[in-house]
Amino acid sequence: MVQEAEAIEARALEEIARAADPSDLEEIRIRYMGKNGDLTRVLRSVGKAAPEDRPRIGQRVNQAKKTIGEALEVRRAACEAGGESAAGALDVTLPGRPPPLGSKHPLTMIREEVTEIFRDMGFSVVDGPEVEWDYYNFEALNIPRDHPARDTQDTFYLGSDIVLRTHTSPVQVRVMEQQKPPVRVIVPGRTYRHENPDATHAFTFHQCEGLYVDKGVTMAQLKGDMTYFAQRLFGGKVKVRFLPDFFPFTEPSVQYDFSCVACGGVGCRICKQTGWLEISGAGMVDPAVFGFVDYDPEVYTGYAFGMGLDRLAMFKYGIDSIHMFLENDLRQLEGP
Amino acid sequence: MVIKVPLSWLQAYCDVPWPVDELVDRLVLTGLEVDGVEAVGSDFEGFVVGHVERVDRHPNADRLSLCTVDVGGEFLQVICGAPNVAAGQKVPVARVGAVLSGGLEIRKAKIRGVESFGMICSEAELNLSDDHEGIMVLEAGAVPGQPLKDILGGPETVLSIDVGTNRPDCLSLTGVAREITALSGGELRMPSGGVDEAGPPVDDLASVRVDAPDDCPRFVGRVITGVRIGPSPDWLKRRIEAAGIRSISNVVDVTNYVMLEMGQPLHAYDLDRLAGRGIVVRRAGEEEAFTTLDGVDRTLDGEVLMIADHETGIGVGGVMGGLNTEITHETDRVFLEGACFDAVRVRRGSKTLQLQTDASRRFERGMDPELQGEAVGRAAGLIAEVAGGVVAEGMIDVRTPAAPDPVIRLRVSRVNGLLGTDLDRDETAALLRRLRFDVRPDGVDLEVRVPSFRRDVLREVDLIEEVARLYGYDKIEPAASTPPRDDSAEAREREEALRGRQDDQRRLRDTMAGFGFTEVVTHSLLHPDLNQLIDPSRPSVMVDNPLSPELSAMRSSLAASVLSVVRWNANRKVRDIRIFEAGRVFWAKEEGLPDEPEHLCIAVTGQRHSPHWDGPPGAFDFYDLKGLAEALPARLGLDRVETVPYDNVDPLFDADRTGELLADGVRVGRFGAVAHRVLDRYEIREPVWMGVIDCGVLFGQASDRKAYRAPPKYPAVERDLAIVVPETVTHRDILKEIRACSGDLLEAVELFDVYRGAQIAADSKSMAYAMRFRSGERTLTDTEVTRLQDKVLRRLVSRYRAELRS
């Protein structure tokens, strides 16, 4: 019986290999494995064999059945793929089997885009702790304990001298403590403000800090470099403007705006009809900050800037709510 | 701090030669941030002055009054809901047809069965302020029937200017006017502090002693006698209300008016309520009790500066006066205070009391020490004008000797060096003169004397900022910087390490996205119970002042918030989820800042892929996750990746379904089925598979990059080996033996079948391996390979009672 099964298997496989289309295959299936098929007949007769032989024979017959079944499937798929069906070509309009589409988060995408541009401009990318000493977050940035500027940065405290960093600027100080000029770094990272969330406010932000210290660094370079960055990110027509502003750790300080990337500067809903998008603050490193890290302000000058990655992502990808970023609605994040 | 600047009032001090839009642009470009421009008031078409003849109760409504109002010979019946309406008042009346600021048109109406022919208006309804608590009461001299515009003026434009903490000199109308004249070159018309002093010498009436001169470098006082406290005239009321301050009484309104005008906070005391008619400036005692003007009982401490009379406290210096000496209708003699308090002292007082006022905000930004005499004189004169009374002769002026104005040397080369401009000495001097700095040339440089109102300017660099903003940042030509090149080995190594880490982070995310996972980003703050649930042995890093208990701890694992994402989406019928997050977790340390290791958390639930017409995809299981978890380190360049049973307890996972991931023998993470206990807490019904990997360890292991490997030169020999072993023997046990016996010649080994059931003894399983042997030096012979295979089998037989399966 074992030999019989093996012979049937060999014969069937040969016929399957020669079959031209699914209807041939169906005929073969019925001939061997149908109700009165050859193999089915053998299988039925296993019961007549000696009891000690039965498992061995049964196993072999079953294996033949499995082998033939698989061969039929493989051949059928091959016929269809090759369009060899007698009934005509396969239906190419049936849905395919898509691989799952993964995606990176918009905050990751913008961070990678931004860091790539700055890497091209010769900036190193560094980071620092999110739970930070008051000293780095405030004191060494020329914001002493009793300075009213602390009110503008509502702060989460973890004890009297530890905070959740309110900006990425403390890393400026950490880097300058570690390294002599020239320093040319950016710091992308997460920051926190003690603000109740509403339509336009969140308590978690993502910023990117920049710092360039060397001999002869000027505000004109700050403007030139920010313009290059803006144009790399948003296209060659974007303009940059500086407005006077105040930060204790830069002097002079500016707010910098990009011409509206949605309307090109003529005024629209996104830029509230002003033609400009407020990006963030920048300026020349205040000599007081150099004092904390032992740089000689008579020898070195530097510029520093910040930017909100959340805002840049909103402008870049047309996202209209700051809360989208941490909501993680997969229907929104998934897919192309 | 935002101040409101009514344009018509501003024009009292300077000409504004531009339309509003242009004014705003110019202010913004030189450093005053204009937050908004709003129109206050209107033409008041259809609004007239009314005289309330009589007030009766509405027959059908307790809270409504039935008023008879004379609007110039014509008597209107008007229903009014305001509690402050009274016969004899002059009030603004909207006649039928008038339109309120909200857009509502007044019509003849029947209210609870009684007809009403107009409306008596609140300030809010007139678009004058937000005050809608009661109706507005006009001055008694107003004439019934007179158009309201005659009394209130036409529409007013009010700028909201957000003044930075560095520019206290702009916290007043004259300060803003000074900026405008710097732009326009026009004249600045400062109000005069000169006053007609017809009363007795002030020293006979009151005295001042300053016991804390560091906290109060200057204290100026004047006395006005014989005042009549009452409502302010409409012009005064209108100006301060347009600037956002409520009218209280003529004397108090004048102190606010002068604060708005000149930036000097002033306080008026009832002189006759001052014990000893004298003022003492001192620190508060510990636990000194005091009731501020707002009626709140407060407990002070030694950090707070107290203004006192000879018995008790009467005001918190620079913050708020006391209830005990406030101006009342009985007040006859007013003591007017104008002081220069130390910024830090006022800030401490304000923080201690948790009370910020218009005064405290101005003081804590720094006060011009030369302003007090002018401001107090100006206010005394105005009080005499609007409240009657006589100003006493002279003023009390207690001060520490004024420091001379600072003189700063400004190097023109430094200006250009910092800004990248090409200004010459005289251009630079001209810019500073427009800002009222006293500038003298000194060789190629400048010597600049800083006026008292610009005490924010202390250093050369501060002057450079003044030059820059007036010159105009738009005129600074952009220039590109050249990246510096640091050829030191140290710099190169540092850069290489930084780049390597960044590239790893990027590759990690790219790989996960490539595997079909969606990246999520969650908050770092959560409820500490969730940390406890997942990592009970680790104390949470807690925030002292959280927004809510749900946001009071820093996450100690990513799992908690990633599970929240699973639940949030499952609730929205997203059931097949493949997500990951890479981010920091926060682990408390004994001392100092917490550790912030970077983790990767992977979560999957539901089906392997979306449904397809060809058949069901099957549910995600342990081995899907395992395949992924092992593929990731491999993708990052690690060769030897394996999973071993995790024999400790990780409360995140179901104990029986947890694997520990090893890369080159080092533990990099764990994965498995999320424990039911955890899922129940999140009310997640479907099984969730999760992996948690420590990125730092992973990247550290991956730091040796994959090297190029030449393709094999000699053919491989493949052999299959099917054995039956007891259930207790693991795949890993068998692999170990196969590897140990085969040595270097084993190129690969793969498990291709596991079978249990018929023909296999209970408590046993059949495992089938495909082995591939190859030598890098020669072609292996059949005998050689058979020998190896036999050796493997013998070893398995002896060690694990394996049987060869035929």
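Modeller: Start with a pair of strands: E14(B) and strand E17 (residues 305–308) of chain B pair in the antiparallel sense, over four bridges. Two strands count as paired if DSSP finds at least two bridges between them; strands (E, at least two residues) and helices (H or I, at least four) are DSSP runs, numbered from the N terminus. This is a predicted model, in which local features need pLDDT of at least 70 and side-chain atom pairs count only at pLDDT 80 or more, while totals for chains, interfaces and linings use all residues. Residues are numbered from 1 along each chain as its sequence is written, and chains are lettered from A and ligands numbered from 1 in the order in which they are written.

Colleague: Which residue is the bridge partner of B:Arg283 in E17(B)?

Modeller: B:Leu305. E14 of chain B (residues 278–283) also pairs with strand E11 (residues 207–210) of chain B, in the parallel sense and over four bridges. There, B:Val208 has B:Ile279 as its partner.

Colleague: In what order do the four strands of the open sheet in chain B run?

Modeller: In a regular strand the side chains alternate between the two faces of the sheet. Here the order is E37-E38-E36-E39, with antiparallel pairing. Strands E37 (746–755) and E39 (803–804) of chain B are the edges, each pairing on one side only. Strands E36 (717–726) and E38 (764–773) of chain B share ten bridges, and B:Ala722 stands opposite B:Ala768 in E38(B).

Colleague: Which strands does helix H20 of chain B lie across?

Modeller: Angles run from 0 to 180 degrees between N-to-C directions, the axes being lines fitted to C-alpha atoms, for helices over the stretch in contact. Helix H20 (residues 782–800) of chain B lies across E36, E38 and E39 of chain B, at about 10° to E36(B). Helix H19 (residues 731–742) of chain B lies across E37 and E38 of chain B, at about 150° to E37(B).

Colleague: Is A:Gly281 buried or exposed?

Modeller: A residue is buried if 20 or more other C-beta atoms, placed from the backbone, lie within 10 Å of its own, exposed if 12 or fewer, and partly exposed in between. A:Gly281 is buried because 21 lie within 10 Å. A:Gly281 sits in strand E8 (residues 276–285) of chain A.

Colleague: How many residues does each chain give to the contact?

Modeller: Residues are in contact if their C-beta atoms, placed from the backbone, lie within 7 Å. Chain B gives 73 residues and chain A gives 70. Helix H13 (residues 489–514) of chain B supplies the largest share of the chain B side, eight residues.

Notes. Contact = placed C-beta atoms within 7 Å.
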